[in-house]
Amino acid sequence: MKESDRVERPHLAWWIAIEGGLTILALQGFSTSFYGWWTAQVMALPAQSTLAWIFLACIPLHVGEALYCYWQSNRIGTPEASMGWAVQSFLIGLPSTLLIIKRARARTAHTRAVAAP
């Protein structure tokens, strides 16, 4: 596999912020003891059920991004990287999706430049 066909990784800060944030959100939404501790020690929060629903709403969004990135990777001619793009986008979401969109635009621009007389 060529280097240009590999999955690009978003900066580590994105992984920490998104995975950390989703973990905290899940704990707030589904752990009564954690929710109680957070509201007593850190700050007031919306109802615990609201936080649980927000977390659950993230799942179809990330599934959709994963499917889009899988499709996009195949469309731009990197089918061997498609599953990697899909898994990464499911886990981290937008930063990964933006990277493949950027790559697709660059490939499209390159293809047009090569095809132009």
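Reader: What makes helix H1 oblique to helix H4?

Author: The axes of H1 (residues 12–30) and H4 (residues 82–92) come within 9 Å and cross at roughly 60°. Angles under 35 degrees count as roughly parallel, over 145 as roughly antiparallel, 65 to 115 as roughly perpendicular and the rest as oblique. So H1 is oblique to H4. This is a predicted model, where local features need pLDDT of at least 70, side-chain atom pairs count only at pLDDT 80 or more, and totals for chains, interfaces and linings use all residues. Residues are numbered from 1 along each chain as its sequence is written, and side-chain values use heavy atoms, with hydrogens and water left out.

Reader: Why is Thr-78 called buried?

Author: Its relative accessible area is 0%. Buried means under 20% relative accessible area, exposed over 50%, partly exposed in between (1.4 Å probe, protein chains only). Therefore Thr-78 counts as buried.

Reader: How do you know that Arg-107 forms a salt bridge with Asp-5?

Author: Their closest N and O atoms are 3.2 Å apart. A salt bridge needs a side-chain nitrogen of Lys or Arg within 4 Å of a carboxyl oxygen of Asp or Glu. The pair meets that definition. Arg-107 is in helix H5 (residues 94–115) and Asp-5 in the segment before H1, 102 residues apart.

Reader: Which of these two is buried, and which partly exposed?

Author: Asp-5 is at 7% relative accessibility, so Asp-5 is buried. Arg-107 is at 24%, so Arg-107 is partly exposed.

Key: Axes fitted to C-alpha atoms, helices over the stretch in contact; angles between N-to-C directions. Helix = DSSP H or I, 4+ residues; strand = E, 2+ residues; numbered from the N terminus.
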